[in-house]
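Dear colleague,

Please find below the structure for your review, followed by a summary of the findings.

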Amino acid sequence: MLPWKRVVRPLAALLLAVAAVVVPAATASAATASASGTAATSSGWNDYACKPSAAHPRPVVLVHGTFGNSVDNWLGLAPYLTSRGYCVYSLDYGELPGVPLFHGLGPIDKSAAQLSAFVDKVLTATGAAEADLVGHSQGGMMPRYYLKFLGGAAKVHALVGIAPDNHGTDLDGLTNLLPYFPGAEDLLDAATPGLADQIVGSDFLTRLNAGGDTIPGVRYTVIATRYDEVVTPWRTQYLSGAGVRNVLLQDLCPLDLSEHLAIGLFDRIAFHEVANALDPAHATATTCASALG
């Protein structure tokens, strides 16, 4: 990497972070709620009394990534969406016994079953026929199992993946070293099956992607960043098939240097594109200026 990039990348990320916090009090409310151990129901986030409007008729379910949870992963995006009139909900999934706060580590097929039950709960509470799903990292890929194998396609209108590992990750080649450490793969599979399932070529991903990436009737959007250092190579995030829109963040704003965490946690350029994906009929151009919106 050139020396100037070492300076520009963190600087650009810092500028986006500053833009993200000039948001409103909704974000502050969510942060306060997180500190007290509750989601921000006062702003409509995980508020089961919220009723979808004619403008936004489907509730939005946010699906956190590996090592994330239902609050911390969404302190930026949840208030962003609720302030725009969406009924927003988030769940914890993939918990391991004795491991608090850090979730998404259990077997992904079991996590998909947890998502299925949560979507049913949200649809019952809101009276909506379908939900939209927005997920970060594993949370953008795992719902595809729900859609494909657990009947989710009948209950989901759109899936938006932010830096999803749809075809697995080699972690910049690190996973290629596993065979050189006897027992490492077995230990990973036993201790954190949710991580093992995400390695490129895993049995889980082979089954998930067999026969095509998509299910008819669901709209898919993938929002990726070329600076992703977790889901690598980054192009493997993209989906193929009908109803798919693949978006590279840097095509929207060349100055956006967000990596894997930043794109999901506080990048308002990515958030603007999420809003476009949820309501394409009223989409507006996503540019660098969207960081201030």
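Leu-248 belongs to strand β6, which covers residues 244–248; helices (H or I, at least four residues) and strands (E, at least two) are DSSP runs, numbered from the N terminus. The model is predicted, with local features requiring pLDDT of at least 70 and side-chain atom pairs pLDDT 80 or more, while totals for chains, interfaces and linings use all residues. Residues are numbered from 1 along each chain as its sequence is written, and side-chain values use heavy atoms, without hydrogens and water.

Leu-248 counts as buried because its relative accessibility is 5%; buried means under 20% relative accessible area, exposed over 50%, and partly exposed in between (1.4 Å probe, protein chains only). Apart from neighbours within four places in sequence, Leu-248 is in contact with Ala-224, Thr-225, Arg-226, Trp-234 and Tyr-238, where contact means heavy atoms within 4.5 Å.

Helix α4 (residues 108–126) has 19 residues and spans 27 Å from first to last C-alpha, close to the expected 27 Å, a value given by 1.5 Å times one less than the number of residues. Its buried residues include Ile-108, Leu-115, Phe-118 and Val-122. Just after α4, Gly-127 has a positive phi of about 80 degrees.

For the chain as a whole, the secondary structure comprises twelve helices and six strands. Of its 293 residues, 52% count as buried.

Yours sincerely
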